[in-house]
Amino acid sequence: MQGVLTGFAVIAVVIAVGYVLRVRGHLGPQGREVLTKLAFHVASPALLFTTLATADLSVVFSSRLLVTALSTAAVAGVFVAVGVARRWGAGRTTIGALCSGYVNSGNLGIPIAVYVLGDASLVAPVLLFQLVLVTPVAVTILDLSGGGGKGPLWRRLLTPVRNPIAVGSLAGVAVAASGLRVPAPVMDPLTLIGNMSVPAVLLAFGIGLCGSTMPLRGVERRPVLLAVALKTVGQPAVAWALAAGVFGLRGAQLLDVVVTSALPAAQNLYTYASTYGVGERLARDAILVSTVVSVPVLVGVAAVLG
């Protein structure tokens, strides 16, 4: 209970600061755009590299990761199927699929893992899965479905190695796999820059809330409701069924995978939507509503399985 409330309180405070900054106009009319570009092109790649460069890649082969991967694929697949049927477009459908299964494993998942699960490293499998596989694939689709898909074939094939998020993730994995130790004069500045990522994303999110209409209204209402339902109810339910019924997980291991699957959509998805100019309202509303709804869901999961 304490870990859930602490994690959400931290996020709410930083978002509120962003909202106040916009109200008072301290960052000017381009404040959100600057913070978004800072996070996407500089801070987030640095954070991904420093996180993955020192990670234990053996967690990739754990049964917990298989549960995470399969539950993510299941809910994202449902959203994609609906998006194709409704003709929501590749970019918008990709953002919605991310909001359905990409959990807030960093700034919210870590404190909840510490206070609820008792070990911050337990969030590592989902964090690695999302950074190594989901993020590069998603940003590549967003690139190809937007301006990145209009160039020659060779340029489109090089999309993953031109995207800063994908580059940061893949470079970190390469360093971890090689066993190399990055010298402190290189790692320390990258760590310092990477520490700006989460605050920048949350502040930009708060700025974006100022002057915006209430969620669950307009043309994005149905996609948002679908994404929130899949994220807060569908994914933890699928994770529980797979973990208990297929992989035979019990006790603390079962609690671990269900809690991490019940985390809300990650704030950095709003950065991706803003950067590519697609599904911004969908991302904003889905993140906000899933964050609110996930509080009682997480409390309930911790009470039942804890």
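This is a predicted model: local features need pLDDT of at least 70, side-chain atom pairs count only at pLDDT 80 or more; totals for chains, interfaces and linings use all residues.

Trainee: Okay, how many aromatic pairs does the structure hold?

Mentor: There are 4. Rings of Phe, Tyr and Trp (its six-membered ring) pair if their centres lie within 6.5 Å; planes under 30 degrees apart are stacked, over 60 edge-to-face, and the rest tilted. One of the pairs is Phe-40 with Tyr-276, which is edge-to-face, with 5.9 Å centre to centre and 90 degrees between the planes.

Trainee: Which parts does that pair tie together?

Mentor: Phe-40 sits in helix α2 (residues 31–53) and Tyr-276 in helix α14 (residues 268–276), so the pair ties together parts 236 residues apart in sequence. Helices here are DSSP runs (H or I, at least four residues), numbered from the N terminus.

Trainee: And is Phe-40 buried or exposed?

Mentor: Phe-40 counts as buried because its relative accessibility is 2%. Tyr-276, at 22%, counts as partly exposed. The cut-offs are under 20% relative accessible area for buried, over 50% for exposed, and partly exposed in between (1.4 Å probe, protein chains only).

Trainee: What about Phe-205 and Tyr-270, how are their planes set?

Mentor: Their planes are at 90 degrees and the ring centres are 5.5 Å apart, so that pair is edge-to-face. It links distant parts of the chain, with Phe-205 in helix α11 (residues 197–209) and Tyr-270 in helix α14, 65 residues apart. Both Phe-205 and Tyr-270 are buried.

Trainee: Which residues form an aromatic cluster?

Mentor: Phe-40, Tyr-272 and Tyr-276 form one. Tyr-272 also turns up among the residues with the most contacts inside the largest nonpolar core, alongside Phe-79, Ile-95, Leu-98, Cys-99, Tyr-102 and Leu-269.

Trainee: How many residues does that core have?

Mentor: It has 42, and the largest share, 7 residues, comes from α6. A nonpolar core is a set of buried Ala, Val, Leu, Ile, Met, Phe, Trp, Tyr and Cys residues joined through side-chain atoms within 4.5 Å. A second, separate core has 25 residues, including Phe-8, Ile-112, Ala-239 and Ala-262.

Trainee: New topic: where is Ser-71?

Mentor: Ser-71 is in helix α3, and it counts as buried at 0% relative accessibility. Leaving out residues up to four places away in sequence, Ser-71 touches Gln-235, Val-238, Ala-239, Leu-242 and Ser-261. Contact means heavy atoms within 4.5 Å.

Trainee: And Ser-169, what is it in contact with?

Mentor: Setting aside neighbours within four places in sequence, Ser-169 contacts Leu-48, Leu-52, Leu-131 and Pro-136. Ser-169 belongs to helix α9 (residues 164–178) and is buried, with a relative accessible area of 0%.

Note on methods
Residues are numbered from 1 along each chain as its sequence is written. Side-chain values use heavy atoms; hydrogens and water are left out. Helices (H or I, at least four residues) and strands (E, at least two) are DSSP runs, numbered from the N terminus.
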